[in-house]
Amino acid sequence: MKKIFFTKMHGLGNDFVVLDWEEFQEINIPVKELAEKMCKRNFGVGADGLMVVVPESKKADLSWIFYNSDGTPAQMCGNGMRCFAKYVLNKGYITKREFTVETAAGIISPKVNEDGSVTVNMGHPVLEPALIPFKGDNNLNYEIELWSKKFNLNAVSMGNPHCVIFTDEDISLLAKDYGPDIEVSELFPEKTNVEFVKIRSRQEVDIAVWERGCGITLACGTGACATVTAGILNGYLDNKVKVNLPGGALRIQWDGTAHDPKHDIFMTGPAEFSFEGVFFYK
């Protein structure tokens, strides 16, 4: 039996197990297996993902290892990045409030604000179908039919693939009923996160998320960014939007347009420490 010391954090209820680099090296357990066991609710700590602080990087101030609860690696996680930023500042891995992190999706720049919230420069959204990746010939309003029901898909990548669907129906029910099948659709060769969106106004939306590798989650930062991007490109939303998720609200700003999409998108929201503990690995 091995003792694993961990920290539990969450961003709007999207929760994570965080391990220090030295602890991760000492336990010498494959990260896929570790994520599956520690993230399992009822039998483990319970979380949507596992992240490990990697204090060195040739491209940034530091880097991370991030795995979903099902043991699959994720290129990027917005809520996870806010938690990661607050963790490394609190633990002394970094001494400045604004810094860079190397991820599989590229270099991400978080900033821990004085009020405790975290603003993350998420980079610019990727819209080219082949790069998302998405097999449709058009990434906006691509029509599919599933169980005799038609949906217009908006495919956007924020370092990880997203499928955004605007609707007036019950978004929570749609996410639960249709999210699993859309996640594994052949249109998305690397699977996809799925966001069902109800527009309240040009400055506010509600989202229900089926997250790739996790299922229903209380929040998804990259999903909020992808949603605002798709909303702006369709002419539904302004450039600053409040995004309401089951776990709380995020503030998203993107100044891009259909003709000039390569503008960075900024996400601001909370990141909270839950508890520290010891997991007994058998």
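"Partly exposed" here describes a residue whose relative accessible area falls between two cut-offs: under 20% is buried and over 50% is exposed. Keep that in mind for the views below, which all come from a predicted model.

**View 1. Arginine 202 meets aspartate 238.**
Arginine 202 has 38% relative accessibility, so it counts as partly exposed. Look at where they come from: aspartate 238 sits in the loop between helix 5 (221–233) and strand 14, and arginine 202 in the loop between strand 11 and strand 12, so the pair ties together parts that are 36 residues apart in sequence.

**View 2. Aspartate 15 and arginine 41 in a salt bridge.**
Side chains of opposite charge can pair when their charged atoms come close. Here, the side chains of aspartate 15 and arginine 41 meet at 2.8 Å, N to O. Are the two partners buried or exposed? Aspartate 15 is buried, at 8% relative accessibility, whereas arginine 41 is partly exposed, at 40%.

**View 3. Glutamate 143 and lysine 150.**
Here's another salt bridge: glutamate 143 pairs with lysine 150, and their closest N and O atoms are 3.9 Å apart. Glutamate 143 is partly exposed, with a relative accessible area of 49%. Lysine 150 is exposed, with 55%. How many salt bridges are there by this rule? The count comes to 13.

**View 4. Strand 12 and its enclosed side chains.**
Why can we call strand 12 (residues 204–211) largely enclosed by the rest of the structure? Because 8 of its 8 residues are buried. In a regular strand the side chains alternate between the two faces of the sheet. In strand 12, Glu204, Asp206, Ala208 and Trp210 point one way. Val205, Ile207, Val209 and Glu211 point the other way, and all of these residues are buried.

**View 5. The strands that pair with strand 12.**
Start with strand 11 (residues 193–201), which pairs with strand 12 in the antiparallel sense over 7 bridges. These two make a hairpin with 2 residues between them, and lysine 198 has aspartate 206 in strand 12 as its bridge partner. Next comes strand 14 (residues 240–245), which runs parallel to strand 12 and is joined to it by 3 bridges. There, valine 205 stands opposite valine 243. Finally, strand 13 (residues 215–217) is antiparallel to strand 12, again with 3 bridges. Glycine 215 in strand 13 is the bridge partner of glutamate 211. Strand 12 and strand 13 also form a hairpin, this one with 3 residues between the strands, and glycine 213 in the turn has a positive phi of about 80°.

**View 6. Asparagine 193 and its surroundings.**
You'll find asparagine 193 in strand 11. It is buried, with a relative accessible area of 2%. What does its side chain reach at 2.9 Å? That would be the backbone oxygen of proline 161. Leaving aside neighbours within four places in sequence, asparagine 193 is in contact with several residues, including Asn160, His162, Cys163, Trp210 and Arg212.

Key:
Residues numbered from 1 in each chain as written. Predicted model: local features only at pLDDT ≥ 70, side-chain atom pairs only at ≥ 80, totals over all residues. Heavy atoms only, no water. Buried < 20%, exposed > 50% of the residue type's maximum accessible area, 1.4 Å probe, protein only. Helix = DSSP H or I, 4+ residues; strand = E, 2+ residues; numbered from the N terminus. Pairing = 2+ DSSP bridges. Salt bridge = Lys/Arg side-chain N within 4 Å of Asp/Glu carboxyl O. Polar contact = N/O pair within 3.5 Å; in protein donor to acceptor, adjacent residues only side chain to side chain. Contact = heavy atoms within 4.5 Å.
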